[in-house]
Amino acid sequence: MYDILPVLGSGLVICGALLLAMAIGPVWTLFRQLPIGGLRYSWGFLILLILFFIAGYVVYAKFSLVKSYQPLDLVVPIIFFCGAIFVFVVCSLSLKTTSDIMQLYALKQENITDSLMGIFNRRYLDRRLKEETQRAQSYSKPLSIFMIDIDHFKIINDNYGHQIGDLVLKNIAQNIKESLRESDVLARYGGEEFVVILPRTQISTSYKLAERLRQVVENTQLPLPEEPGIDMLSIGVTVSVGVAGLTSECKDYLCLIKNADRALYQAKQNGRNQVVMG
Ligand SMILES: Nc1nc2c(ncn2[C@@H]2O[C@H](COP(=O)(O)OP(=O)(O)OP(=O)(O)O)[C@@H](O)[C@H]2O)c(=O)[nH]1
């Protein structure tokens with residue numbers, strides 16, 4: 001009866017080796033998805049380690065076939081087999097968990113991003129502005145915002161069509177984004193209007209930043225796709241900007257928006273392509 005034990009022991013170890021080989025699949029998928037860096041190398045190292053274990057399992061299975069077996073000798077093959085199950089389950093769960101987290105992250109990003117411009121949407125703006133206002137009040141820090149509106153945008157739509165209008169909006173959004181600091185938050189307020197939140201920034205500094213931004217937009221020619229009938233390859237636009245900041249009289253986000261809106265209206269009234277401080 002003991003004759004069957006070496007075959008049983010080797011069989012368990014070979015099954016373990018197969019499970020380890022199957023564990024390489026999810027680890028390889030993770031390895032390929034990660035950007036080059038420390039984490040990717042760690043998963044790569046894990047693949048090498050699994051290959052090393054597979055080789056060890058195979059060698060052990062070969063030798064255990066020829067040695068004389070007692071029932072207690074099956075403990076080691078059983079541990080090898082359970083170890084392989086453990087590695088397989090952990091690797092599969094790691095891949096599943098990572099995929100779920102990435103999906104959740106993508107959904108969250110979609111939920112707060114404007115699909116046309118690729119910047120934050122109004123929903124995110126409202127929430128973030130409330131949070132930043134409360135933070136600024138709690139820590140007695142300055143906070144300012146810009147309200148930016150493209151001048152005579154209707155003419156662009158009327159002259160070139162909505163598709164080109166969309167393209168211009170997208171380009172301006174990227175242009176504005178590149179002119180801002182890392183800490184500033186750019187969002188679409190609606191239509192062709194944007195709001196920028198500038199945490200920890202005095203209104204006087206914001207005014208200078210807004211003026212620089214206005215000049216950047218004015219001096220940039222936005223590229224257009226070549227179209228039959230359109231005798232130009234780029235288009236120039238200007239923006240009007242209203243700047244507002246938290247003060248002892250203006251303490252909440254609604255007041256900030258109201259003052260920035262009023263300043264923007266004033267900029268439009270004054271002839272457009274300018275910055276007005278609220
Ligand atoms: N292509 C495109 N146009 C949009 C979008 N959202 C708003 N608009 C257009 O933006 C234009 C806004 O027009 P108005 O509110 O009259 O403002 P304006 O022509 O920019 O004039 P001022 O703001 O007074 O300088 C309208 O023609 C809208 O149709 C959009 O997502 N895509």
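Visitor: In which loop is Asn273 found?

Guide: Asn273 is found in the loop between helix 8 and strand 7. Helices (H or I, at least four residues) and strands (E, at least two) are DSSP runs, numbered from the N terminus. Before we proceed, please note that this is a predicted model, in which local features need pLDDT of at least 70 and side-chain atom pairs count only at pLDDT 80 or more, while totals for chains, interfaces and linings use all residues. Residues are numbered from 1 along each chain as its sequence is written.

Visitor: What is the phi of Asn273?

Guide: Most residues other than glycine have a negative phi. Phi of Asn273, however, is positive, near 50 degrees. Arg272, which is not a glycine either, has a positive phi of about 70 degrees, and Arg272 lies in the loop between helix 8 (253-269) and strand 7 (275-277).

Visitor: Which residues is Ser240 in contact with?

Guide: Two residues are in contact if their C-beta atoms, placed from the backbone, lie within 7 Å. Leaving aside neighbours within four places in sequence, Ser240 is in contact with several residues, including Asp151, Leu264, Arg272 and Asn273. Ser240 is found in strand 6 (residues 239-245) and is buried because 24 other C-beta atoms lie within 10 Å. The C-alpha atoms of Ser240 and Arg214 are separated by 7.4 Å, although these residues are 26 apart along the chain.

Visitor: Which residues come nearest to the ligand?

Guide: A residue is near a molecule if its C-beta atom, placed from the backbone, lies within 6 Å of it. Of the 16 residues around the ligand, Asp151, Phe153, Lys154, Gly165 and Gly191 come nearest. Two or more residues of this shell are given by each of strand 1 (143-150), helix 5 (153-160) and helix 6 (162-179). Helix 6 has the largest share, four residues.

Visitor: How many residues of the shell are charged?

Guide: Ala, Val, Leu, Ile, Met, Phe, Trp, Tyr, Cys and Pro count as nonpolar, Asp, Glu, Lys and Arg as charged, and the others, Gly among them, as polar. The shell around the ligand has seven charged residues, with five polar and four nonpolar ones.

Visitor: How do helix 5 and helix 6 cross?

Guide: Two packed helices are described by the angle between their axes and the distance between the axes. Axes are lines fitted to C-alpha atoms, for helices over the stretch in contact, and angles run from 0 to 180 degrees between N-to-C directions. Here the axes come within 7 Å and cross at roughly 135 degrees. Helix 5 and helix 6 are therefore oblique to each other; angles under 35 degrees count as roughly parallel, over 145 as roughly antiparallel, 65 to 115 as roughly perpendicular and the rest as oblique. Ile156, Asn157 and Tyr160 in helix 5 meet His162, Ile164, Gly165 and Val168 in helix 6.

Terms used
A residue is buried if 20 or more other C-beta atoms lie within 10 Å of its own, exposed if 12 or fewer, and partly exposed in between; C-beta atoms are placed from the backbone.
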